[in-house]
Amino acid sequence: MEVIILCAVLIAAIGILAYNRASLTMFTAAIAVILAVGSAFDAAGTVAWIVFLLVALPLNIAVIRQQYLTKPLLKLYRKIMPEMSTTEKEAIDAGTTWWEADLFRGNPDWHKMHNFPVPRLSAEEQAFLDGPVEELLAMVDDWHTTHERADLTPEVYQYLKEKGFFAMIIKKEYGGLEFSAYAQSCVLQKLTSKSMVLSSVVGVPNSLGPGELLQHYGTDEQKKHYLPRLAKGLEVPCFALTSPEAGSDAGAIPDTGIICKGQWEGQEVIGMRLTWNKRYITLAPIATVLGLAFKLYDPEKLLGETEELGITCALIPVSTPGVKIGRRHFPLNVPFQNGPTQGENIFVPLDYIIGGAKMAGQGWRMLVECLSVGRAITLPSNSTGGIKAVALATGAYARIRRQFRLPIGKMEGVEEAMARIGGYAYMADASTTMSVGSIDLGEKPSVISAITKYHMTERMRQAIIDAMDIHGGKGICMGPNNYLARGYQGAPVAITVEGANILTRNMIIYGQGAIRCHPYVLAELQAAQLDDQGAAVTAFDKALFGHIGFAISNFFRTFWLSLTGGAFSGAPYSDATAKYYRQMNRFSAAMALMSDVAMGTLGGDLKRRERISARLGDILSMLYLTSAVLKRYNDEGRKIDDLPLVQWACEDNLAKAQLALNELFDNFPNRVVGVVLKRVVFPWGRTLRKASDVIEHQVARIMQTPGEARSRLGHHMYLTNEPQNQLGLMEQALLDVLAAEPIFDKVTHAAGKRLPFFRLNEVADLGLELKVITEAEAGILRTAEKGRLFAINVDDFEPEYLAADKTLTQQGPGAVAKDKKDKAA
């Protein structure tokens, strides 16, 4: 009996110490004390002490451990470690880790998260949003832009240049605005709320492009020449990376530069002969300076002994003879300036390389470092702005539009779709704000940028699909008053660019996260690559045994947190959000455990098991998005009116994390491991559910009810009531209809019959006839009728207006068919 008690005490002690991540010394001392007590009660004998010493001494004496354990394991590790290309190494080394690393380590410090500064706009940035941004949006007619002109007007382009919209990232010393990442995000969100074309045109020069690359890597001469001209709009930049043969695999670009001697401005100089074929290049048709990525070769060894220098970035004025540029792509009826560019055997000097000749071959590192920042701003911000605009417009429409004498927003089926839109809008704003906030703190968040790019664009696509379902015919009939159709058409554009979403989910998020965020994996890889054997063993020893202790800790943490549902783990608040922190503690530990299990059992093969990586990446993503939601709720003062939005978003994310874990176990290549660990992580089965019908009803009600919660949901949207702003008109229509409802009820009561809620002008006349309302109240009804009709009516056109070839419509109804027949003949 004493032996059983001793074993139980030992297991409990090991579990408690592992849960709290005690040191090896603490483990050793605690077990020795327990054995000593056991010996005093005749529960621990000589055999127990011999086993203890055989394990404890080699582990605690560094010389013995390194010689007989670490050194052989290092030799084995070098044989099985996954091979990494240069581009992979540079991608992993690029950027920094931030809060996502805490989530990856199985024990998040919530106080640390809540102490991150809250992003704020400066007075100058707020004035820009209230002034130039509002003025710009008033100039834009999105139907004219997308359908009639297929471009912004010259006046809009000129305004963009004059007011510095292309220079938000450029420092003030060069004439730029030097806005924070948060300010850039707010500007892009507001622009998106009226025009996707506009936000795309503004977003790209402020993201990955010549301006960003020049500021970080350009020579002084390049900065002094180009940056002031970019800031003033005298130069319009684009950046050409994607080739027909290399899309998401940017490292495989076939475009080349050959170092050679040639004539330049009457003199023989060492330069490059460039050949490229690029496509999908935003702003290329109107650009004056072309940023170009290519592989640089030095076959004559004019710069040194290396022949294949690698990816290089250069700035090429489009006026350079031989540069082909100007043609346009037509991306899904969202006609922002985008097109191809080519060049063949074009000679330019070496000082066209960004950063000069010393940066030859450094282009991939430059790109991935800048992309880790730009990818966290532009597409997530544009997508967030789109979701928020959809949330406001759909809430207004659902409250105004009636079927069966009831606002459709009160129908439970509609509420379900509305809850997704509202929950995504709150979550998108939270995650984008948190991510750009990290940039303003000096981070280059490569993993976070991949998470936000993927999930914000995916949620934008789902939100616009749900909005189309709710709007029905209003959504599918295109015209000046349709505020959904372009977003619906253009959603795949955001899904595709800056790393296709399938690639981002299956390879990038976890591929970078596992190595960058794990506290020991990168250290092990770096140790194994050291040439000095002694230094390699010492470094590998520290990383390896830290890793082993980390894995043991996460096993016990996962088991206990799963057994108790995280009930006894730490949460910074004891209100309705406490359960979300505790579930995240549980999933964080489970993700850390499964990461080690996956790497330990699959080794280098994990790199090819994309669906395993994708599910692990999903868990990390859901933890990050939920963190952002909870941080936003706290940063905004924990306002109880917002709680349904917080609950919906947290419960949706955590249910997705649970599903990803379950699918990971069910599809784990080692079936025994999968089954065993499923019992560890889900001892009571899958206990989490998505948000209840009650919460979804509350979210839908927030979307339909003007107030502080709804205003926070849609802050930084363009809501000005002007003729070309459908979102602003819908907001006004909502207010007018709500103001009219009590007056309508008064007339209905006086009339003694149930009137339908339309033809409100006639209801106004009836109310005056019955002498139950005033002229002012009648005016409110008539104004509401105009807003109601705007909300529910759709556009229609003369047939000839819709034809691309107007000459055919002038020849009669059969002209189109006859024209086709003639062409076929």
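User: Which residues are buried in α27?

Analyst: In this predicted model, the buried residues of α27 include I695, E696, V699 and A700, together with I702, M703 and Q704. Buried means under 20% relative accessible area, while exposed means over 50% and partly exposed lies in between, with a 1.4 Å probe and protein chains only. The model is predicted, so local features need pLDDT of at least 70 and side-chain atom pairs count only at pLDDT 80 or more, whereas totals for chains, interfaces and linings use all residues. Residues are numbered from 1 along each chain as its sequence is written, and side-chain values use heavy atoms, with hydrogens and water left out.

User: What do the buried residues of α27 pack against?

Analyst: They pack against α15 (363-400), α16 (412-440), α25 (643-666), α28 (708-713) and α29 (726-751). Contact here means heavy atoms within 4.5 Å.

User: How do you know that the span of helix α31 agrees with its 18 residues?

Analyst: The 18 residues of α31 (residues 775-792) should span 26 Å, and its end C-alpha atoms are 26 Å apart; therefore the span agrees. Among the buried residues of α31 are E777, L781, R788 and F790. The partners of its buried residues are α15, α18 (473-476), α29 and α30 (760-769).

User: Why does E100 count as buried?

Analyst: E100 has 0% relative accessibility, so it counts as buried. E100 is found in helix α6 (residues 99-104). Not counting residues up to four places away in sequence, E100 touches V447, I448, C517 and L620.

User: What makes a set of residues a nonpolar core?

Analyst: Its members are buried Ala, Val, Leu, Ile, Met, Phe, Trp, Tyr and Cys residues joined through side-chain atoms within 4.5 Å. The largest such core has 133 residues, and W99, M594, Y624, L661 and L781 have the most contacts inside it. Apart from it lies another core of 91 residues, among them F128, A183, L188 and L213.

User: What makes a space a cavity or a pocket?

Analyst: On a 1 Å grid over the protein atoms alone, a cavity is a set of points where a 1.4 Å probe fits but cannot get out; a pocket is an open set with protein on both sides within 12 Å along at least five of seven lines, and lining residues have an atom within 4 Å of a point. Grid points are joined across faces, edges and corners, and a volume is the space filled by probe spheres set on the points. The search of the whole structure finds two cavities of 30 Å³ or more.

User: How do the residues of the lining of the largest cavity divide?

Analyst: They divide into six nonpolar, one polar and no charged. Ala, Val, Leu, Ile, Met, Phe, Trp, Tyr, Cys and Pro count as nonpolar, Asp, Glu, Lys and Arg as charged, and the others, Gly among them, as polar. The lining includes F166, P205 and G211.

Methods. Helix = DSSP H or I, 4+ residues; strand = E, 2+ residues; numbered from the N terminus. Expected span 1.5 Å × (residues − 1).
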